[in-house]
Amino acid sequence: RDDRSLAEVFRMSRARNLLAPLTRRVGTWAVPKRFSSVVAPTPAEEELYAGGLLTGFRKSYCGPLPPSYQIDPALLKLPPTKVTTLSNGMRVATETTPGHSVSVGVFINSGSRYETEDSNGSAHFLEHMFFKGSKNKSQAELETATENMGCRLNAYTSREQTVYYANVLKEDVGEALNTLSEMLLNSNFDPQAIEREKRTILQEMEEVEKVHEEVVFDNLHFTAYQTSPLGRTILGTEQNIKEMTRDRIVNYIQANYVASRMVIVAAGNVQHEEFANMVDKAFSACPTAPAGPSVVTDILPAHFTGSDIRVRDDDAPFAHVATAWETVELTHADSPATMVMQAMLGSFDQSLHGAVHSGSNMISVLAGDNEREYPLAQSAMTFNTQYSDTGLFGVYYVAELDNIYECHWAVMREFQDLCHGASDEAVELAKKQLKATIVGQLDSNLSQVCEDIGRQMLNYGRRMSLAEMFARIDAVDAPTVRRVATDLFNDKCVAVSAKGNISTLPDYNWIRRHTWSLRY
């Protein structure tokens, strides 16, 4: 004991409690991942693809399952995903299903996050240029070959991945691979074609600026990840597009389009060994190591910044608002819990008349189950965007000026309910909805299966079986949801992006204040 008064001791204790979150936050700036994880080390490849009930499954991913847990026998009858690593380091993955068509995809661990500030926009620009002719075939010849196969050839670029895919008949798989390899390995990048494509992309940028949702989410990334390449737009800046050169494009290819960062996937009526041999032949010339001045040896960690960005237009008919918290990376042990929480919060638009009876209290209130018995929002969407070391979890809604305050109140209150009041019934309902959504997507078409395989191969290094995925989801219970929600949302900084008629949107301090509540 000492002579300090009880009041002084209380003040010092309270000061330590107030400073503790700041101290913890400062301590995380030096590490690439903010959230701790208990995920088990990656097993050996022979263990992952040896088969079994839960191939590669580790309890540390999802928590304990009850001893009585039973795997649905139908899940065990699904076709396995076979994987082969070629001599150059490229991976080949297939899932064989009956039918007459095959979806072929080239998945590359490369996107706008691998660009520098000066080269921002190169990944997306490159996606356009691959369709403009190669050293061996002109643009017309490539288009004719694609048309003759009846092939649907397309591509997209994200912040961490670039994908090229083709849907063809099973007898044209080899020709589709040859076309993809010709585009990716032998494109000539004619300077005149580059100049023409600049105009096309600048027009595309103008069109994107008219899409409110695109602008809001680009701005959300910009304000949330202010010091990271993750905050840059995928399309790049107008100045970078105007200054794009052949050398800049070639440098980006040499730095990122290497065999070890590529996965070739086929889903449909295809034999794995035969397909792997075709890939080995078609992509034998793929570089095995990055080269050139654009090589990014280490990705800068994405530090989340609590902040807001507002583009006010009082003449706009609606407000478009996104509020996001930092969430865990895709491979984190708590990732299944965030998927369940996304299903719990739900989404709707005014075309869904039954949304007022939604299992999500937030959605039912926004859809019209409120004191005014009138819809507060035109639409609302819960998003859970996850990357390799971070993510954004939140709600995007569209509302009229007079309803913004009530909409935001409903959103913030729902996140507090996740932290303190998630019930067993709500969690079980969300798990069923989530599993139905996953199955529905995979059953819809082969392109979804192909994309699921490729994305998981890049993120996990393997493709999880549906039995394992369902086991992870089933292991999430109400206490898990409350724990994860508290870790992520309770008294945590948020990023806000708003556009349109937003004069009644509460200020940042009000929003930050409503990330916690006093509970006695």
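Helix axes here are lines fitted to C-alpha atoms over the stretch in contact, and angles run from 0 to 180 degrees between N-to-C directions. The model on screen is predicted, so local features need pLDDT of at least 70 and side-chain atom pairs count only at pLDDT 80 or more, whereas totals for chains, interfaces and linings use all residues. Residues are numbered from 1 along each chain as its sequence is written, and side-chain values use heavy atoms, with hydrogens and water left out.

**The whole protein**

Begin with a cartoon of everything: the protein has 19 helices and 12 strands, where helices (H or I, at least four residues) and strands (E, at least two) are DSSP runs numbered from the N terminus. Colouring by accessibility will show that buried residues make up 49% of the 520 residues; buried means under 20% relative accessible area, exposed over 50%, and partly exposed in between, with a 1.4 Å probe and protein chains only. Of the contacts (heavy atoms within 4.5 Å) with a separation of 6 or more, 80% are accounted for by residues 24 or more positions apart.

**Two helix pairs**

Select helix H5 (residues 139-149) together with helix H6 (residues 173-186), whose axes come within 11 Å and cross at roughly 155 degrees. That angle makes H5 roughly antiparallel to H6, given that angles under 35 degrees count as roughly parallel, over 145 as roughly antiparallel, 65 to 115 as roughly perpendicular and the rest as oblique. Show side chains for Leu142, Thr146 and Met149 of H5 and for Glu175, Ala176, Thr179, Glu182 and Met183 of H6, which make the contact. H5 passes H6 in a left-handed crossing, a term used if the near helix is turned anticlockwise from the far one by less than a right angle, with right-handed used if it is turned clockwise.

The residues in contact are His124, Phe125, His128 and Met129 on H4, and Ala193, Ile194, Glu197, Lys198, Ile201 and Glu204 on H7. Here H4 passes H7 in a right-handed crossing.

**Strand S10 and its partners**

Now select strand S10 (residues 377-386), which is largely enclosed by the rest of the structure, because 7 of its 10 residues are buried. Strand S9 (residues 347-349) runs antiparallel to S10 and is joined to it by 3 bridges, strands being paired if DSSP finds at least two bridges between them. A hairpin of 4 residues joins S10 to S11.

In the loop between helix H13 (361-367) and S10, pick out Tyr374, which counts as partly exposed at 46% relative accessibility. A distance label from its C-alpha atom to that of Val356, 18 residues apart along the chain, will read 9.9 Å.

**Last selections**

Go to helix H18 (residues 478-489) and select Thr480, a buried residue with a relative accessible area of 18%. Leaving aside residues up to four places away in sequence, Thr480 touches Ala337 and Ala475.

Finish with the cysteines Cys286, buried at a relative accessible area of 4%, and Cys419, also buried at 4%. The structure holds 0 disulfides, a disulfide being a pair of cysteine sulfur atoms within 2.5 Å.
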